[in-house]
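Look through the model below with its helices and strands in view. The paragraphs that follow go from a helix pair to the sheet, then to a hairpin and a single residue.

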Amino acid sequence: MTKKHVGVLISGRGSNLQALIQACKAPDYPAKIVLVVSNVPSAQGLLRAEASLIPALVIDHKDFASREAFDDALDAALNEASVELLCNAGFMRLHSDAFVTRWHDRHLNIHPSLLPAFKGLHAHARVLAEGVKITGTSVHFVRPEMDSGPIVAQAAVPVLPDDTPDSLAARVLMAEHRLYPHALNLVASSAVRVEGERVVGMTQVGDPAPYFWPPLDEAL
Ligand code: GRF
């Protein structure tokens with residue numbers, strides 16, 4: 001099968017990158033990671049790429065005079081590696097509008113909340129402060145406004161009475177690690193497409209869609 005060439009952008013730990021690396025190992029998975037780029041030289045995710053023999057680059061935003069100049073260098077590296085689909089996985093920088101336009105409908109992000117609720121930083125602390133009982137994670141196409149854009153897939157995660165931002169983040173992360181490979185599968189296999197700023201098409205390819213964490217048949 002022809003696999004879509006994927007680039008992954010990271011800034012840190014890279015556990016979602018690891019989940020995508022793992023998924024890409026399946027012979028029938030429709031994507032292959034051809035490049036990992038970090039804007040932070042010390043990002044742990046770079047070691048994960050290296051361990052899996054995936055080409056990895058640091059493009060340090062501090063070396064550039066403007067957001068546009070950084071994004072131009074990023075774009076050049078992605079094109080050089082023949083990247084067709086881009087996945088932000090804990091990439092902690094906003095892109096310029098020009099970059100977002102260039103990668104329109106070829107660019108995914110994962111966010112740790114049920115969008116459009118709780119966009120931006122510190123989502124889990126804000127979920128707890130609001131007394132929300134169900135949160136989750138979303139994979140969406142990137143648009144200029146932060147954490148906006150057509151939603152590809154979501155998974156719901158319960159908030160428990162004794163949760164702290166850290167315990168909730170850890171539970172949501174388990175859902176993220178299942179959701180991102182699922183969402184990339186949907187997009188890379190062209191099972192879904194964007195129509196009128198909504199994602200339409202099949203929601204089921206490969207394993208059962210991970211709509212809930214923990215799975216509904218497993219009590220917490
Ligand atoms: C994840 O919670 C992701 O949703 C958010 O940043 C975190 C990245 O974690 N955007 P990791 O680097 O993938 O471990």
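Helices α1 and α2 are roughly parallel to each other, a label given to angles under 35 degrees, while those over 145 count as roughly antiparallel, 65 to 115 as roughly perpendicular and the rest as oblique. Their packing angle is about 15°, and the axes of α1 (residues 15–24) and α2 (residues 44–51) are 9 Å apart. Axes here are lines fitted to C-alpha atoms, for helices over the stretch in contact, and angles run from 0 to 180 degrees between N-to-C directions. Ser15, Leu17, Gln18 and Ile21 of α1 meet Gly45, Arg48 and Ala49 of α2, where contact means heavy atoms within 4.5 Å. By class, 3 nonpolar, 3 polar and 1 charged residues make up this contact of α1 with α2.

This is a predicted model, in which local features need pLDDT of at least 70 and side-chain atom pairs count only at pLDDT 80 or more, whereas totals for chains, interfaces and linings use all residues. Residues are numbered from 1 along each chain as its sequence is written, and side-chain values use heavy atoms, with hydrogens and water left out. Helices (H or I, at least four residues) and strands (E, at least two) are DSSP runs, numbered from the N terminus.

Next comes the sheet. Seen in the order β3-β2-β1-β4-β5-β6-β7, 7 strands form an open sheet with mixed pairing; two strands pair if DSSP finds at least two bridges between them. Its edge strands, β3 (56–58) and β7 (151–158), each pair on one side only. From one strand to the next, the twist averages 20°. Within the sheet, β4 (residues 85–88) and β5 (residues 107–111) run parallel and are joined by 3 bridges, with Leu108 in β5 as the bridge partner of Cys87. Helix α3 (residues 67–80) lies across β1 (4–10), β2 (31–38), β3 and β4, and runs at about 150° to β2.

Strands β8 (residues 192–195) and β9 (residues 198–201) run antiparallel, joined by 4 bridges. Val194 stands opposite Val199 in β9. The hairpin of β8 and β9 has 2 residues between the strands, and Gly196 takes a positive phi near 55° there.

Last, consider Ala183, which lies in helix α6 (residues 165–188). Ala183 counts as buried because its relative accessibility is 0%; buried means under 20% relative accessible area, exposed over 50%, and partly exposed in between (1.4 Å probe, protein chains only). Apart from its neighbours within four places in sequence, Ala183 is in contact with Val139, Val152 and Ala153. Between Ala183 and Ser138 the C-alpha to C-alpha distance is 9.3 Å, although they are 45 residues apart in sequence.

Notes. Nonpolar A, V, L, I, M, F, W, Y, C, P; charged D, E, K, R; others polar.
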